[in-house]
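Have the viewer open as you read.

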Amino acid sequence: MSLLEVKSVSKSFKGLSALSNVDADINEGEIVGLIGPNGAGKTTLFNVITGFIPPDSGQIILRGEDIVDLKPYQICQRGLVRTFQIVKPFLDLTVLENVLAGAYNSVNDKKEATDIALEVLEFVGMTHRKNDLARILTIAELKNLELVRALSTKPSICLVDEAMSGLNPKEVDDMLETINRVRTERKITVLIIEHTMRAIMNVSDHIIVLDHGEKIAMGTPAEVTSNPKVIEAYLGEELES
Amino acid sequence: MRVGFNYRTFIGAVILVVFLLFPFFLDSYFIHLVITILLLCYMGACWNIIGGYGGQVMLCQGVFYAIGAYTSSLLLVRLGVTPWVGMFVGAVIAAIFGFLLGFFFFRYELRSHYFAVGTLAVGAVVRVVFSNWDFVESTKGIIIPISEDSLYYFQFSTKAMYYYIMLAMVVMIVLVTYYVNRSKLGIYLNAIRENEDAADSLGINRRKYKTIAIVLASFFTAFAGSFTAQYLLYIHPEQYVNLNLSIEALCAAIVGGRATVFGPILGGFIFGSAAEAARVYVGATYVGSHLIVNGIIIIIIIVYLPRGLQPVLGRFAGYVSTRIRERKGVGGGNVAA
């Protein structure tokens, strides 16, 4: 059975259709890429899945439960967490406190929460930064913090929104490795939006392509890149060059 | 950490002893002044829970203060109930009112400025209600009959007793803040203040935690109201449901350092004594000019120390204690912030 099912979700903003009848199936243990040109509705889909925006119609089913009417925090408590494209760190808190805010999702005790937080920080190699204010971190560290904070809630599926935008090639490689390890070592399913093609082709098992709010293709990276519709909508120039 | 001499505990103990000895050295004017300042510290610390940690700029603290004052006084004057019981009844009523406020305001997502304006409106409305409601003696106010030195009636012939009660209340609110600060509630409120959407995405029920914060703030604020009523023995709506009260409490917390345990206490002392000094030395000649001095203090703090004085002093204390340890040749290590 799939872990997360998106069933014919539609959403329009004042007549402008952002998502129309989008379906998606995500199985446990997969890394699924979500791509599409700017304005294709990728982030809107994330917002709808995580409860920040209610859809006009459709169902979102997490482990057999419809989560459409739930609030973001309730969805997080059921094991689905997201990161934001524009990072939203708690600037005036230390890195450890940032992560603690997520770690308290699964425990109430300070000691246990701190253990979880430190363990996750160790996982991405940010332990040395734990007492620094989030305000002074670099972009790469903020992107990492965003991911770490999400992981600290002990999710079963993590929605990652452009974790690699604004990073240099070396940092992109590090982030890719981290995301791979999220799957292999932490057994967390990942749905990832990404613009860096090299990155997403490497890391994903499946790719979903959105264009103008419609799903135009789904399959392995090889299938998707050879799909004429995708080439037409999005990849054409890149493949020919 | 090295076992043995703990500077923090030592300094804390010294400060507490100094405070306990105050009434033996000060005349009644200064005791009264320190009581007023402690009251400001206490109010600041209450505001700090919702406004400092939760980042919700609440401007209706006077309402909870008045509920505390009116409840204990009415129970005393009409039914002869001791204010010691009355203040708890008042606190519970204030907490219920705080809960309702939080329930509706946070239900309809009144964020930042909207919350501030909403609470401002509540304060204005409640003030009008108290001024016109005969049951609470409207603008006549309530006069609490003077009794002899009596623990039951919460009346004492010396100011020192009031001073000790107020001091105990401040210690209590510091302990409450300390537990908030180190608990899940503290981290959650901090997260909510910093970014509501991010907090939401991390499984934090914002509405629940903001409501808890406002209930705590209103519950403890009411004690201050009951205390003042018993101390001054007179209640008037203009004096209790007062916007200035909320603003001064907020200033104490901000000057000292919001979202810190000792910030409001520190800020209360600095702001309170500066205000009093300005009132005595300048305000006597040019009426009202002390308010300008207060304003200048606030502006300087907000521009140069937006996080207040406490973090600065904390860093200084950390620096000093590392130096002391280095001198003694003890392995320094990181000083916990």
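Axes here are lines fitted to C-alpha atoms, for helices over the stretch in contact, and angles run from 0 to 180 degrees between N-to-C directions. Contact means C-beta atoms, placed from the backbone, within 7 Å. Helices (H or I, at least four residues) and strands (E, at least two) are DSSP runs, numbered from the N terminus. This is a predicted model, where local features need pLDDT of at least 70, side-chain atom pairs count only at pLDDT 80 or more, and totals for chains, interfaces and linings use all residues. Residues count from 1 along each chain as written, with chains lettered from A and ligands numbered from 1 in written order.

In chain A, an open, mixed sheet of 6 strands runs β6-β7-β8-β3-β9-β10; strands pair when DSSP finds at least two bridges between them. β6 (80-82) and β10 (214-219) of chain A sit at the edges. Ignoring direction, neighbours in this sheet are turned by 15 degrees on average. β9(A) (206-211) runs antiparallel to β10(A), joined by 5 bridges, and A:V209 faces A:A217 there.

Helix α6 (169-186) of chain A lies across β3, β7 and β8 of chain A, at about 155 degrees to β8(A).

| Residue | Phi | C-beta neighbours within 10 Å |
|---|---|---|
| A:S8 | near 35 degrees | 13 |

A:S8 is in strand β1 (4-13) of chain A, while B:S138 is in the loop between α5 (112-132) and β1 (142-143) of chain B.

Terms used:
A residue is buried if 20 or more other C-beta atoms lie within 10 Å of its own, exposed if 12 or fewer, and partly exposed in between; C-beta atoms are placed from the backbone. Two residues are in contact if their C-beta atoms, placed from the backbone, lie within 7 Å.
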